[in-house]
Amino acid sequence: MKELFQNADWKKEKHTPVIEVAAGAGKKRLIEVAVSVGKEIPHPNTTAHHICWIELYFLAEGEKNPCQVGRAEFNAHGASVQGPDTSTVYTKPEAVFYFNTEKPGKLMAASFCNIHGLWEGEADLGLV
Ligand code: FE
């Protein structure tokens, strides 16, 4: 399955999830992590072509397995009883997750485009 995950610089590839850690992440503070798709180059958001979900994982330093921090589903993509792209409701593929940890480690995001498949992105989580 790992061969199905695609990876590229998010500044050049609109599918790569972007992970942004809010300033001040620390052992005694709530950690805020925003994950989005299409930050630099917007991804289409239509009934026919859209981002379905994003998941965020955290691998603490020295651990073998990651924790799943959360998952966000994006379920409105313009469809209504009148047909595709008629509802005017489109969920933006962006989510903010909050969690605590006392260990630094690696943040990993996965996203899924209904046309272009699975994508991954990574970021380090350092703690003050
Ligand atoms: Fe796509």
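Begin by selecting serine 80, which, once its neighbours within four places in sequence are set aside, is in contact with Thr86 and Ser87, where contact means heavy atoms within 4.5 Å. What you have open is a predicted model, in which local features need pLDDT of at least 70 and side-chain atom pairs count only at pLDDT 80 or more, while totals for chains, interfaces and linings use all residues. Residues are numbered from 1 along each chain as its sequence is written, and side-chain values use heavy atoms, with hydrogens and water left out.

Colour the stretch around serine 80 next, and you will find this residue in the loop between strand S4 (67–73) and strand S5 (94–99). Strands here are DSSP runs (E, at least two residues) and helices are DSSP runs too (H or I, at least four residues), numbered from the N terminus. Is serine 80 buried or partly exposed? With a relative accessibility of 26%, serine 80 counts as partly exposed; buried means under 20% relative accessible area, exposed over 50%, and partly exposed in between, with a 1.4 Å probe and protein chains only.

Now select the iron ion, which is coordinated by His15 (NE2), His43 (NE2), His49 (NE2), Cys113 (SG) and His116 (ND1), at 2.1 to 2.3 Å. Donors are N, O and S atoms within 2.8 Å of the metal (3.2 Å for Na, K and Ca), and because water is not among the atoms, sites may look incomplete. Along the chain, the donors of the iron ion follow the spacing H-x27-H-x5-H-x63-C-x2-H. Histidine 49 lies in the loop between strand S2 (31–37) and strand S3 (51–60), and histidine 116 in the loop between strand S6 (105–113) and strand S7 (117–125), so the pair ties together parts that are 67 residues apart in sequence. Histidine 49 is buried, at 14% relative accessible area, whereas histidine 116 is partly exposed, at 34%.

Finally, show the whole protein chain, which has seven strands and zero helices. The C-alpha atoms fill a box of roughly 50 × 30 × 25 Å, taken along the principal axes, and 39% of the 128 residues count as buried. Among contacts between residues at least 6 apart in sequence, 61% join residues at least 24 apart.
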